[in-house]
Amino acid sequence: MKVMRPSYEMKQYTLPQLLKLRAEREGERVALREKDFGIWNEYTYADYYATVRDFGHGLLALGFEPGEKFAILADNIPEWVYAELAAQGLGGVSLGVYPSSVPPEIAYVLDYTDAAFVLAEDQEQVDKLLEIRDQIPKVRKVIYEDPRGMRGYRADDWFLSFQEVLELGREHRKRHPRAFEERLAAGKPDDVAHFSLTSGTTGKPKAAMLSHKNLIHMGVALQEVDPLEPTDDYLSFLPLAWIGEQMMTVGMGLTGGFAVNFPEEVETAMADLKEIGPHVMFSPPRVWEGIQSRIWVQISESYRFNRWVYEKLLKVGYRAADYRMRGESPPVALRLAYALAHFLLFRPLKDRLGFLRLRRAYTGGAALGPDVFRFFHAIGVNLKQIYGQTEITGIAYVHRDGDVRYDTVGKPIPGTEVEISEEGEILSRSDAVCLGYYKRPDATAELLEGGWLHSGDAGYLTEDGHLVVIDRLSDVMHTASGEMFSPQFIENKLKFSPYIKEAVVFGNQRPYLTAFLNVDPQTVGKWAEDRGLAYTTYMDLSQKPEVAELIKAEVARVNEELPEPLRIRRFVLLYKLLDADDDELTRTGKVRRKFVHEKYADLVEALYGQVDRVPVRAVFKYQDGSEQAVETEVRIHDLAPVPEPVGETR
Amino acid sequence: MAQLSVENVTLVFGGLAALSAVSLEVEKGELVSIIGPNGAGKTSLLNCISGFYHPTRGRIRFEDHDLTRASPHTATRYGIARAFQNIELFSGLSVLENLLLARYTHLNYGLLPAALYYGRAQNAEIEARRQVEEVIDFMELEPYRKELVGNLPYGVRKRVEVARALALGPKLLLLDEPMAGMTLEEKEDMVRFILDIRAERGTTIVLIEHDLGVVMDISDRVYVLDFGEVIAEGPPEEVAQDPRVLEAYVGGAA
């Protein structure tokens, strides 16, 4: 058996054609694993294809036409990719909806994309669809994966189960044995395969139309830089509606031929990670930050001797990391010390996390703090930044091994051209650039103007070809005195503090900069506990004067790194965490700046006023729809202007 | 014939009648709630059904078995399981171990196969684990499978308590205030679990609960106890209108 390795030859196929090829040539290899009832069940490429084929026949029996859209509203389960590839095999288009979405969001997406079929994971998702049923008349069938609690829905022929579709498919295949494969063979690499919804920090989400070629090119090109083995393992635990997970599970998975593992439940992902021990990972910064802060919390709860050893050894790790990230070999003494640290601390630590076999790990989607970066390199995790938009299949730039820098996003992957426009915008061109936005010719024209993908990000290239991203072009702001600044850049600096979870910086056309800050309930909660500081709710914790002092010190530290006009003068500690359910964040966790500004307009004005206390009326929405209002007072915190260094340099 | 029938049960402690001539019938697959003010005798009644107490007078029958003098483990063997109000789990064992222990009544291999972990012992253990994993999946306890019960938050421990009862594979499930002290969200989850247990497993459920909203929402029938007597019985909407119930709950004003 000769295993197919990634090659640009693959660009002549569609994704489901590639799966069929693997099923024929290396059918007995493990393609997917899913943990169910506590056991990892394996599915070979032959099983994988057979299910896709049967499901495809089932869709044929239900009247799925070429070009129709198949929406998937589920956590990461094998059925997600079965349905995706079956729909694509029939010349249809798959699209993912975040399972955490609320009904109005789902209604918008399904209506805008003209989805004809929906795969919903369970009763919870089905109930959301029922709630918006009158707004989605184009949805002909809803297929549910988990039959639990669905007994009462049986009478309604809008619904049928995944198993029923498979049975329909097997019946259909007996009568029309070649029907699926004929449609599959008719697929062209330039056909639209998948809609990936852009996170939509501004306005409604748009669907980027990705072709088979886009996904396959990306998978092959990235593996040219960072090769993987067909025997490698990968854990698919981030939403498949997100382009990053889509590119790893489908684009990389089918081109690389490694095993894709699905966790038991969303909540068990970290435990499953440990059991699988993947060879490659791609997660947004919050996952890496989360892992680091968990280690930090556990170590700080440990005995003093353990902490002492940990800190000593971590220092060795940091020193070695600085060499290795530059691709240099550390001096012999340091190498020896590192070997000891590895043996005593890093190896067991990585084992606990499931990182022992990790060849590389990627972070992308937002900026990751240098501290977090260095930490992972110190313990021996080869963490690299990647950069790209949904519209370029998620990735176009990556750090090369031994050339990892905190301030850049790496170099273009093979087949990617880069240019910086006169306005300073990053432009890219490659076979992974999408075909445009669905039903949005206006936005498509802007996006692909002149044959280049307009990222909307301001950036520049360093002399040795690394790309540096500054901020969204449209997000660059000016203070009243004309000083240019990037709020996101400052927010990221603030968020690098372990105590600050979220930050929103204001100052456009204002005399000075201010910020909303969310304290991190975990770390600050622990900090308060350690000091015997009693608190009840998040609101209570965030308004403690002691906490304010702690955060003030953190902000002052960040201010030291900023030029005088761009320092944070005043801030408030928000009484609630910014939340996607309240529209304050996007589903991918980015702040909706304008919305937050409008929602908390009183607080923003107060930041630029004279008062230092603002009465607020907070309304909390509960999951059952009931509301509770709490009256409280939010304090505005001033930072003493940092004294200019006088006389010392004279 | 009802699956469970309690006939004129009277339970006397010294001079105090905890239950006086209580009769109750539960059909197979029914969800029946028992409500009543504190000290009305709700838990005493469950204790009689599950064999912890034996009634002074009267008779209790479950399917073809006479439970009047049955011990708790006999009741368990007949297919009655109970989740306790004050969580009765081994806090030093993991969730998985607690649930496996609950299945011990179904294990019947001898000492030698057990020592060698061979033949019937192995098969029985594999089957036990499979059953328990199904319950873990059902009660959505996967994230806590290997955690010590003592380290879990209260709401999750309550869920484990119900799971432990469920692991016995009961025909009749007695739930003693499964939602006491829970947050709104945890309550909603528990209600969903209870409804699913009945719908998916066909288990008959007798529920004691203080949250009247929940009781009125999910019960097929409700029994109201007051001072050890059944003062009303029937579908929730009828019971809610019953003047005696209003009096017991609200006082004479109604």
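What is the mean pLDDT of chain B, and what percentage of its residues reach 70 or more? In this predicted model, chain B has a mean pLDDT of 90, and 98% of its residues reach 70 or more. For chain A the mean pLDDT is 91, with 97% of the residues at 70 or more. One stretch of chain A, residues 642–650, has a pLDDT below 50. Beyond near neighbours in sequence, that stretch makes 3 contacts in the model. Where pLDDT is low, the predicted coordinates should not be read in detail. The model as a whole scores ipTM 0.80 and pTM 0.80.

Two helix pairs of chain A may be examined in turn. In the first, helix α1 (residues 15–26) of chain A packs against helix α2 (residues 45–61) of chain A at an angle of about 135°, their axes lying 8 Å apart. Because of this angle, α1(A) is oblique to α2(A). The crossing of α1(A) and α2(A) is left-handed. From α1(A), the contact draws on Pro16(A), Leu19(A), Lys20(A), Arg22(A), Ala23(A) and Glu26(A); α2(A) contributes Tyr45(A), Ala46(A), Tyr48(A), Tyr49(A) and Val52(A). Sorted by class, this contact of α1(A) with α2(A) contains 8 nonpolar and 3 charged residues, and no polar ones.

The second pair consists of helix α8 (residues 212–225) of chain A and helix α9 (residues 243–256) of chain A, whose axes come within 8 Å and cross at roughly 70°. On the side of α8(A), the contact involves Leu215(A), Ile216(A), Met218(A), Gly219(A), Val220(A), Leu222(A) and Gln223(A). The residues from α9(A) are Met247(A), Val250(A), Gly251(A), Met252(A), Leu254(A), Thr255(A) and Gly256(A). In the contact of α8(A) with α9(A), 9 residues are nonpolar, 5 are polar and none is charged.

The remaining topic is the contact between the chains. Chain A supplies 12 residues and chain B supplies 13 residues. On the side of chain A that touches chain B, the residues divide into 2 nonpolar, 4 polar and 6 charged.

Key:
Residues numbered from 1 in each chain as written. Chains lettered and ligands numbered in written order. Predicted model: local features only at pLDDT ≥ 70, side-chain atom pairs only at ≥ 80, totals over all residues. Axes fitted to C-alpha atoms, helices over the stretch in contact; angles between N-to-C directions. Helix = DSSP H or I, 4+ residues; strand = E, 2+ residues; numbered from the N terminus. Parallel < 35°, antiparallel > 145°, perpendicular 65-115°, else oblique. Left-handed = near helix turned anticlockwise from the far one by under 90°. Contact = placed C-beta atoms within 7 Å. Nonpolar A, V, L, I, M, F, W, Y, C, P; charged D, E, K, R; others polar. pLDDT = per-residue confidence, 0-100.
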